[in-house]
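Here are my notes on the model you asked me to look over.

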Amino acid sequence: MSGHSKWHNIRIRKARVDAQRGKIFTKVAREIIMAAREGGGDPDVNARLRDAVQRARDVSMPQDNITRAIQRGTGELPGVQYEEIVYEGYGPGGVAILVQALTDNRNRTVSELRSMFSRHGGNLGEAGSVAWMFSSKGVIIVPRQQIEEDSLLEIVLDAGAEDMKTDANSYEITTGPEDFEAVKTALTEQSIGMESADLTLVPHSTVTLTSKDGEQTLRLMDALEDHDDAQRVYANFDIPESVMEQAAAA
């Protein structure tokens with residue numbers, strides 16, 4: 001499993017802790033609002049909204065909050081008008097970083113993100129500077145203790161998965177965006193629990209960092225992902241296991 005995939009899993013666990021304090025709810029609500037605005041308020045016919053609602057449930061967001069966010073998106077309730085913007089840049093060691101943001105003030109957001117990149121040894125780039133390094137994929141994480149590797153591999157490949165990687169604790173299943181729901185359904189039908197399931201951006205290749213650059217990159221990732229306007233942050237780093245373990249324990 002690549003360094004950024006491991007970091008993604010660490011962030012999922014942190015998000016669950018943040019949700020207990022309500023910190024993550026604002027970001028999830030914004031995603032629901034935009035999804036409902038873009039494709040309507042019915043999750044059965046709006047795949048983006050369905051994924052956003054599932055993310056909200058994963059962090060135990062109350063149903064009333066979910067309903068109000070959908071209503072703000074469809075215009076049934078008044079709300080702030082958000083704009084979707086993608087910011088691209090480089091971190092320490094030449095790591096490519098892409099930030100998907102929802103903002104009501106693009107000048108404020110770009111200024112704050114540029115400052116974050118600069119403080120942590122990186123720089124904000126031009127549109128298109130790193131987006132070409134990533135492809136849209138479905139990524140599903142399954143705890144390893146649930147099922148034998150060969151059995152899981154057969155299930156997911158039959159359902160349309162592209163690949164599956166294994167580490168000491170989990171399986172990482174990769175799908176094309178069009179096969180993501182089918183693979184999730186196949187796992188559910190076999191009563192196989194998923195630690196996470198996301199439509200995400202996967203780098204075509206990774207940059208291996210030294211411990212120093214790795215620590216600085218993780219600090220930058222933390223700062224970006226904690227920014228109120230940042231919805232998702234993607235990068236193509238690979239970092240020594242010891243550095244990743246320290247980050248997980250922090």
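Which residues are linked in a network of salt bridges? They are Arg30, Asp104, Arg108 and Asp229, and the points below start from there.

1. A word on conventions before the details. This is a predicted model, in which local features need pLDDT of at least 70 and side-chain atom pairs count only at pLDDT 80 or more, while totals for chains, interfaces and linings use all residues. Residues are numbered from 1 along each chain as its sequence is written, and side-chain values use heavy atoms, with hydrogens and water left out.

2. Now the overall picture. The protein chain has nine helices and 10 strands; these are DSSP runs numbered from the N terminus, with helices (H or I) of at least four residues and strands (E) of at least two. Of its 250 residues, 47% count as buried, where buried means under 20% relative accessible area, exposed over 50% and partly exposed in between, with a 1.4 Å probe and protein chains only. Among contacts (heavy atoms within 4.5 Å) with a separation of 6 or more, 71% are between residues 24 or more positions apart.

3. Back to the charged pairs. The whole structure holds nine salt bridges, a salt bridge being a side-chain nitrogen of Lys or Arg within 4 Å of a carboxyl oxygen of Asp or Glu. One of them joins aspartate 229 to arginine 30, with 2.7 Å between the closest N and O atoms. This pair ties together distant parts of the chain, 199 residues apart: aspartate 229 sits in the loop between helix H8 (211-226) and strand S9 (230-235), and arginine 30 in helix H2 (residues 25-39). Both partners are buried, aspartate 229 with a relative accessible area of 2% and arginine 30 at 9% relative accessibility.

4. Another salt bridge pairs arginine 106 with glutamate 83, at 2.3 Å from N to O. Again distant parts of the chain are linked, with arginine 106 in helix H5 (residues 106-119) and glutamate 83 in strand S1 (residues 83-90), 23 residues apart. Arginine 106 is partly exposed at 43% relative accessibility, and glutamate 83 is partly exposed at 33%.

5. On to the nonpolar cores, each a set of buried Ala, Val, Leu, Ile, Met, Phe, Trp, Tyr and Cys residues joined through side-chain atoms within 4.5 Å. The largest has 23 residues, and those touching the most other members are Tyr87, Ile97, Val99, Leu224, Val233, Phe237 and Ile239. At least two residues of this core come from each of S1, strand S2 (96-103), H5, H8, S9 and helix H9 (241-249). H8 gives the largest share, five residues. A second, separate core of 20 residues includes Ile32, Ala52, Val59 and Tyr82.

6. Setting aside neighbours within four places in sequence, its contacts include Tyr87, Phe117, Val130, Leu220, Met221, Leu224 and Val233.

7. Next, a helix pair. The axes of H5 and H8 come within 9 Å and cross at roughly 165 degrees; axes are lines fitted to C-alpha atoms, for helices over the stretch in contact, and angles run from 0 to 180 degrees between N-to-C directions. H5 is therefore roughly antiparallel to H8, the label for angles over 145 degrees. Their crossing is right-handed, that is, the near helix is turned clockwise from the far one by less than a right angle. At the meeting point, Leu113, Met116 and Phe117 in H5 face Leu220, Ala223 and Leu224 in H8 through contacts.

8. Helix H3 (residues 47-58) and H4 have axes that come within 10 Å and cross at roughly 155 degrees, so H3 is roughly antiparallel to H4. H3 passes H4 in a right-handed crossing. Leu49, Val53, Ala56 and Arg57 in H3 meet Gln63, Ile66 and Ile70 in H4.

9. Lastly, threonine 67 lies in helix H4 (residues 63-74) and is partly exposed, at 32% relative accessibility. Threonine 67 and isoleucine 33 are 34 residues apart in sequence, with 9.9 Å from C-alpha to C-alpha.

Conventions
Parallel < 35°, antiparallel > 145°, perpendicular 65-115°, else oblique.
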